[in-house]
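Have a look at the model first.

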Amino acid sequence: MFEREVSVVPKAGLHSRPAARFVKTARGFRSDIVVVKDGNEANAKSPIRLMTLGAKCGDRVTIRATGEDERQAVEALAEIISKEEE
């Protein structure tokens with residue numbers, strides 16, 4: 001298992017477009033990936049579950065992956081959530 005805690009940077013938080021981009025990237029990895037906020041856990045490959053976390057700009061979340069590409073998955077997803085949308 002590999003995990004990393006990051007701050008949510010997009011102004012909209014993990015809603016709509018940032019969440020869609022996050023999920024699309026997560027689905028490209030074989031590892032099981034979850035996002036944890038305030039003790040609540042959501043499957044990173046499910047846009048509905050991800051948005052139920054209600055992660056807003058400035059919130060801290062943990063991205064946790066288990067599997068053969070766990071480190072790459074966490075780093076790629078952390079990069080998305082750690083910068084403003086282009």
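Q: What makes strand 2 and strand 3 (residues 40-43) a pair?
A: Two strands pair if DSSP finds at least two bridges between them. Strand 2 and strand 3 are joined by four bridges and run antiparallel, so they pass the cut-off of at least two. In one of these bridges, Val-36 has Glu-41 of strand 3 as its partner. The two strands form a hairpin with two residues between them, and Asp-38 in the turn has a positive phi of about 50°.

Q: Where do these numbers come from, and what is left out?
A: This is a predicted model, where local features need pLDDT of at least 70, side-chain atom pairs count only at pLDDT 80 or more, and totals for chains, interfaces and linings use all residues. Residues are numbered from 1 along each chain as its sequence is written, and side-chain values use heavy atoms, with hydrogens and water left out.

Q: How confident is the predictor in the chain?
A: pLDDT is the predictor's confidence in each residue, from 0 to 100. The chain has a mean of 93, with 98% of its residues at 70 or more. Confidence is highest in strand 4, at 98, and lowest in helix 1, at a mean of 90. (Helices, H or I with at least four residues, and strands, E with at least two, are DSSP runs numbered from the N terminus.)

Q: Why is Thr-62 called buried?
A: Buried means under 20% relative accessible area, exposed over 50%, and partly exposed in between (1.4 Å probe, protein chains only). Thr-62 has 13%, so it is buried. Its place is in strand 4, and its contacts (heavy atoms within 4.5 Å) include Glu-3, Val-34 and Val-36, not counting residues up to four places away in sequence.

Q: Why does Asn-40 count as partly exposed?
A: Asn-40, in strand 3, has a relative accessibility of 48%, so it counts as partly exposed. Asn-40 touches Val-35 and Leu-53, not counting residues up to four places away in sequence.

Q: Why are strand 1 and strand 3 said to stand at the edges?
A: The open sheet has four strands in the order 1-4-2-3, with antiparallel pairing. Strand 1 and strand 3 each have a single partner strand, so one side of each lacks a neighbour in the sheet. Further in, strand 4 (residues 60-66) pairs with strand 2 over five bridges, and six bridges join strand 4 to strand 1.

Q: How do you know that the buried residues of helix 1 line one face?
A: Those residues are Pro-18, Ala-19, Phe-22, Val-23 and Ala-26. Down the axis of helix 1, they fall within an arc of 130°, so they line one face; the arc is that of the directions from the helix axis to the C-beta atoms. An α-helix has 3.6 residues a turn, so residues three or four places apart point the same way. The face turned away carries the exposed residues Ser-16, Arg-17 and Lys-24.

Q: What makes a nonpolar core?
A: A nonpolar core is a set of buried Ala, Val, Leu, Ile, Met, Phe, Trp, Tyr and Cys residues joined through side-chain atoms within 4.5 Å. The largest one here has 25 residues, and Phe-22, Ile-33, Leu-50, Ile-63 and Ile-81 touch the most other members. Helix 3 gives the most to this core, with six residues.
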